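Colleague: Walk me through the helix packing in this one, please. I'd like the angles, the contacts and the cut-offs behind them.

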Amino acid sequence: MKCPFCGDQESKVVDSRRSEDGNSIRRRRECIACQRRFTTYEIVESLPIIVVKRDGTRQSFDRNKVLNSMIRAFDKRQVDVADLDRITTEIEQTIQNTLDREVSTYKIGEMVMERLKPLDEVAYIRFASVYRRFQDVDSFLQEINRFRLENKE
């Protein structure tokens with residue numbers, strides 16, 4: 001690890017600790033040449049995820065877009081944002097764990113709806129209405145009836 005003070009390549013680890021979120025390791029290092037200390041963080045490298053949109057265009061996965069879409073579905077509803085952040089992390093990790101580097105917006109939307117359904121019925125229907133592009137009242141009613149049938153089983 002290159003020292004940020006003198007640029008020397010040699011350093012030793014003085015202390016290591018897991019971060020609060022458990023996703024990284026904080027390391028205190030000491031430069032062999034100048035004896036100054038600095039902090040580094042070690043994280044798991046994740047491969048970039050490409051999202052294929054409905055029109056065929058591609059863009060990088062943005063977890064904030066997933067989170068914000070769920071927040072909009074919960075407008076004026078009570079929800080713990082930590083739950084939505086947890087759901088977003090689950091979705092991102094599920095995608096990372098697949099061997100595919102590309103995922104469709106359809107698949108992401110399905111994963112969101114699957115997780116919203118047990119959390120809040122109204123937010124689920126709101127999300128579904130945008131995601132499935134409901135055009136009229138009948139579309140809403142069909143989704144509500146499908147939801148009711150699935151919950152009776």
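Modeller: What follows starts with the overall picture and then goes through the packing piece by piece.

Bear in mind that this is a predicted model, in which local features need pLDDT of at least 70, side-chain atom pairs count only at pLDDT 80 or more, and totals for chains, interfaces and linings use all residues. Residues are numbered from 1 along each chain as its sequence is written, and side-chain values use heavy atoms, with hydrogens and water left out.

The chain has five helices and six strands (DSSP runs numbered from the N terminus: H or I of at least four residues for helices, E of at least two for strands). Their order from the N terminus is β-β-β-β-β-α-α-β-α-α-α. With a radius of gyration of 22 Å, well over the 15 Å that the globule rule gives for 153 residues, the chain is more spread out than a compact globule (C-alpha atoms are used, and the rule is 2.2 Å times the number of residues to the power 0.38). Its C-alpha trace spans about 75 × 35 × 25 Å along the principal axes.

Now the sheet that goes with the helices. It is open, has three strands in the order E5-E4-E6, and its pairing is mixed (a pair needs at least two DSSP bridges). E5 (58-60) and E6 (102-104) are the edges, each with a single partner strand, so one side of each has no neighbour in the sheet. Neighbouring strands are turned by 35° against each other on average, direction ignored. E4 (residues 50-52) runs parallel to E6, and three bridges join them; Ile50 sits opposite Glu102 there. H3 (residues 105-116) lies across E4 and E6, at about 65° to E6 (axes are lines fitted to C-alpha atoms, for helices over the stretch in contact, and angles run from 0 to 180 degrees between N-to-C directions).

H2 (residues 81-97) packs on H3 at about 140°, with the axes 10 Å apart. The two are therefore oblique (under 35 degrees is roughly parallel, over 145 roughly antiparallel, 65 to 115 roughly perpendicular, and the rest oblique). Their crossing is right-handed, meaning that the near helix is turned clockwise from the far one by less than a right angle. Leu84, Ile87, Glu90, Ile91, Thr94 and Ile95 in H2 meet Ile108, Met111, Val112, Arg115 and Leu116 in H3, contact being heavy atoms within 4.5 Å. That set divides into eight nonpolar, one polar and two charged residues (Ala, Val, Leu, Ile, Met, Phe, Trp, Tyr, Cys and Pro are nonpolar, Asp, Glu, Lys and Arg charged, and the others, Gly among them, polar).

H2 also packs with H1 (residues 63-73): the axes come within 10 Å and cross at roughly 140°. That makes H1 oblique to H2, and this crossing is right-handed. From H1, Arg63, Val66, Leu67, Met70 and Ile71 meet Leu84, Asp85, Ile87, Thr88, Thr89, Ile91 and Glu92 in H2. By class, that contact has seven nonpolar, two polar and three charged residues. Leu84, Ile87 and Ile91 are among the H2 residues that meet H1, and they are also among those that meet H3.
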